Amino acid sequence: MNNIITKNILRFIVLILIQVLILNNIKFDGYLNPYFYIIFILLLPLETPKWLLLVSAFLLGLGVDFFMKSIGINAAASVLVAFIRPGLINYLSTGKDIEPNMHAGIKDFGFRWFFSYSLVLVFVHNFVLYFLDIFSFNEFFITFYKVLLGTAFTLFLIIISQYLFTNMKNK
Amino acid sequence: MRYFFSFLIKNHFFFLFLLLEIFSFSFIIKHNRYQGSKIINGTNQVTGSFFTGANNVSDYFKLSAINRELSEEIAKLKTTSINQINIADSIVIQPDTNYRFISAKVINNSTNRRSNYLMLNKGSNHGIEADMGVVSNKGIVGIVIGVSENYCTLMSVIHKNAKISAKIKKNLQLINLIWNENSYKNGTLTDIPTHINLKKGDTIITSGFSLIFPEGIMIGTFENYKTDKGESLNSAVLNFSTDFNNLNYVYVIQNINKKEQIKLTKDSQHE
């Protein structure tokens, strides 16, 4: 149990640093920017208490916000993602048995499950981020286009990282 | 009351969610209204040291580009100093000593949002104060909004709240510059009188009326008109001369007589 907690705390810190020091410098055409840090919420253990899910998402978003000088924007988006997560897992997993030791990843749930799970959450995250930043629906379609590109880019990184950093061999 | 609490506990997930979102939104709204709020200043010192560390690494990859920029700058300075000597032969011109330039390095920069900020590696220890203008060798960059001991935060010119007093170089017509474009390459010129005829490539410079930027700093070139029908003043798209996606060394402008100028303005308003 302790092991899982330390692992997640480390992941929390490392992901914020990767986001603000490396990924925020990737700017294709000046605006396309992957918000990869959200993978922290995606990969939290399934049995995480719900309140902890929300609080850790809030702190994660706020941590990124401090570096990006966008106080509140990333926090609001991350908390919403954490709020949707339990319901989404239930919705996607009907008919499947969730065993106590399973992790929300490709290895335990399969590619299709993880892809749709990440797609929904990453899209919601990007949608909130871009629209809160602009703070108006005036140029809805241009912003929406950016949301789609950002979602695709982030999702790509998340799937790649699954193959790179998890041992895919059967238990 | 007991039912109320049991109701709260039963739905704690939803209420905690609501509470955290309310927190986030109050931050967003506060931050939108007061630029250079305490939050920015309070975290500068910590985030600055992280960015400096990362910057030390990435610097090595930019050395050749920085070298080229610096040699271009030297060439430019040499040309202007030679020209000045020629003028001084015939007329005595007092140099404008109103402004002092402090060189600084960009350690963090964003271009992909509507509220873009930069961070520089100089702060109050080096004489930097809020509301100072910042330029690069290519043109304007931003305005200092938050200062800590060793770092300062700039509001970029490409920020939705930025508004800069500008003028057209060829006829000295005063106009304004804002940014509500989707690209860091373009800005918006507003308040252009309809009788003014601009051509592609016309130079736009700072007006020098704002106490922040001296007169004549390059902003960019005119690109094309935006046709907003039914308005008495035209607006237009501008090409920035500064490449906001690629900023290394910049200069913070200290206006030495600023206090005097502000006092004079206030005094004359009381009359």
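Reader: In what order do the six strands of chain B close into a barrel?
Author: This is a predicted model. In chain B the pairing of the six barrel strands is antiparallel, and the twist averages 45 degrees from one strand to the next. The barrel closes in the order S1-S2-S5-S4-S3-S12.

Reader: How many bridges join S1 of chain B to S2 of chain B?
Author: S1(B) covers residues 99–109 and S2(B) covers residues 115–120, and the two run antiparallel. Strands of a sheet pair through backbone hydrogen bonds, either parallel or antiparallel. Asn108(B) stands opposite Met119(B) in S2(B). The number of bridges joining S1(B) to S2(B) is three.

Reader: What share of the residues of chain B count as buried?
Author: The secondary structure of chain B comes to four helices and 12 strands. Among its contacts between residues at least 6 apart in sequence, 59% join residues at least 24 apart. Of the 271 residues of chain B, the share that counts as buried is 31%.

Reader: Does Gln269(B) count as buried or exposed?
Author: Gln269(B) is found in helix H4 of chain B, residues 258–270. Because Gln269(B) has 7 C-beta neighbours inside 10 Å, it counts as exposed.

Reader: How far apart in space are Gln269(B) and Phe50(B)?
Author: In sequence, Gln269(B) and Phe50(B) are 219 residues apart. Taken C-alpha to C-alpha, their separation in space is 45 Å.

Reader: What is the radius of gyration of chain A?
Author: Chain A has seven helices and zero strands, and its C-alpha atoms fill a box of roughly 50 × 30 × 30 Å along the principal axes. A compact globule of 171 residues would have a radius of gyration near 16 Å, so chain A agrees with that value. The radius of gyration of chain A is 16 Å.

Reader: Among contacts in chain A between residues at least 6 apart in sequence, what percentage join residues at least 24 apart?
Author: Of the 171 residues of chain A, 39% count as buried. For contacts in chain A between residues at least 6 apart, the part that joins residues at least 24 apart is 69%.

Reader: Which elements do the buried residues of H7(A) pack against?
Author: H7(A), residues 140–165, reaches 37 Å from its first C-alpha to its last, close to the 38 Å expected for its 26 residues. Its buried residues include Gly150(A), Phe153(A), Thr154(A) and Ile158(A). An α-helix has 3.6 residues a turn, so residues three or four places apart point the same way. The buried residues of H7(A) pack against H2, H5 and H6 of chain A.

Reader: How many residues of H3(A) are buried?
Author: The 19 residues of H3(A) should span 27 Å, and the end C-alpha atoms are 27 Å apart, which agrees. After H3(A) comes Lys69(A), whose phi is positive, near 55 degrees. H3(A) is mostly covered, and the count of its buried residues is 14.

Reader: Which helix supplies the largest share of the side of chain A that touches chain B?
Author: Contact between the chains involves 26 residues of chain A and 29 residues of chain B. H3, H4 and H6 of chain A each supply at least two residues of that side of chain A. By class, this side of chain A has 17 nonpolar, five polar and four charged residues. Its largest share, seven residues, comes from H3(A).

Terms used:
Residues numbered from 1 in each chain as written. Chains lettered and ligands numbered in written order. Predicted model: local features only at pLDDT ≥ 70, side-chain atom pairs only at ≥ 80, totals over all residues. Contact = placed C-beta atoms within 7 Å. Nonpolar A, V, L, I, M, F, W, Y, C, P; charged D, E, K, R; others polar. Buried ≥ 20, exposed ≤ 12 C-beta atoms within 10 Å, placed from the backbone. Expected span 1.5 Å × (residues − 1). Pairing = 2+ DSSP bridges. Axes fitted to C-alpha atoms, helices over the stretch in contact; angles between N-to-C directions. Rg over C-alpha atoms; globule rule 2.2 N^0.38 Å.
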